[in-house]
Amino acid sequence: MSEELTKEQQEAMDKAFERSMPEGLRKVQNEYSDVKKVIGVISGKGGVGKSLVTSLLAVKASQKGLKTAVLDADITGPSIPKSFGVHKKAYGSDIGIIPVNTEGGIKLMSINLLVDNEEDPVIWRGPVIAGAVQQFWTDVAWGDIDVMFVDMPPGTGDVPLTVFQSLPVDGIIVVTSPQELVEMIVGKALKMAEMMNVPVMGLVENMSYFECPDCGKKHEIFGKSRLSEVSAKYGITNLAQLPIAPEVTKLVDSGKIEEVNVNWLDDLFDNVIKGE
């Protein structure tokens, strides 16, 4: 039997999805926050470098003089603080929870900045996780922020749905890699974004190639890139390819991502910030 849905089945699923999205779920940001632009970073599966892309975009924004923040919505797999070498804790005050600043002045909020031991697992059910993400918006005093990047867990489940419904998301950036079923994963992200009326701002292919340091030849270790074909099919114009770069991995693992100086995301970043 074919696994493809009939038109009637797809319409029934779409209607059920729409019924699960009641109006008026948008949460009001903390009164001591003024976040002007919110960009979600999502992926179809784990391990493709979504948090890396989020962090690099935040570093790029900060380097360009923008007041930047990262909301780590990956509650059960938070990695943003480690990338920035941040281990101190956020704290509460009369105006709300105060986010932690990186050395470069990027404001961070992550569950790892609130728990006693950052290596302890967060074993929570979906509604509790979704509530924590909402509190990162309503209870954190972010201050004046030009652009906030939201690092979301993989897939199209509770947290992405909560972010799309609760936060004023201006658009999303989809992260993928050559070894994935690219069309299916981008298609799912696009379908969800369409149903939530959230534009897809760009597509990033991570681990796209490895450039030999001796001869300069590019090797497509995980298979030939189909980024151009997929982007053409779905009408995505803002694209970027990230290579396998051991030197960047070393800086991230040591918490020094703000020392990374690469131009892989420059064009995509400029277009996203300009809203093109």
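A cavity is here a set of grid points where a 1.4 Å probe fits but cannot get out, and a search of the whole structure, which is a predicted model, finds one such cavity of 30 Å³ or more. About 60 Å³ of space lies in this largest cavity, and the residues that line the largest cavity are Leu56, Val59, Lys60, Gln63, Val260, Asn261, Val262 and Leu265. By class, the lining of the largest cavity divides into five nonpolar residues, two polar residues and one charged residue.

The helix α2, which runs over residues 50-63, comprises 14 residues and reaches 20 Å from its first C-alpha to its last, a span close to the 20 Å expected at 1.5 Å a residue. This helix is mostly covered, with 11 of its 14 residues buried; among the buried residues of α2 are Leu56, Val59 and Lys60, and these three residues also belong to the lining of the largest cavity. After α2 comes Gly65, whose phi is positive and near 90°.

Ser51 is one of the buried residues of α2. The lining of the second largest pocket divides into 12 nonpolar, 11 polar and five charged residues.

Key
Residues numbered from 1 in each chain as written. Predicted model: local features only at pLDDT ≥ 70, side-chain atom pairs only at ≥ 80, totals over all residues. Heavy atoms only, no water. Helix = DSSP H or I, 4+ residues; strand = E, 2+ residues; numbered from the N terminus. Nonpolar A, V, L, I, M, F, W, Y, C, P; charged D, E, K, R; others polar. Expected span 1.5 Å × (residues − 1). Buried < 20%, exposed > 50% of the residue type's maximum accessible area, 1.4 Å probe, protein only. 1 Å grid on protein atoms, 1.4 Å probe; cavity = no way out; pocket = protein on both sides within 12 Å on 5 of 7 lines; lining within 4 Å. Points joined across faces, edges and corners; volume = space filled by probe spheres on them.
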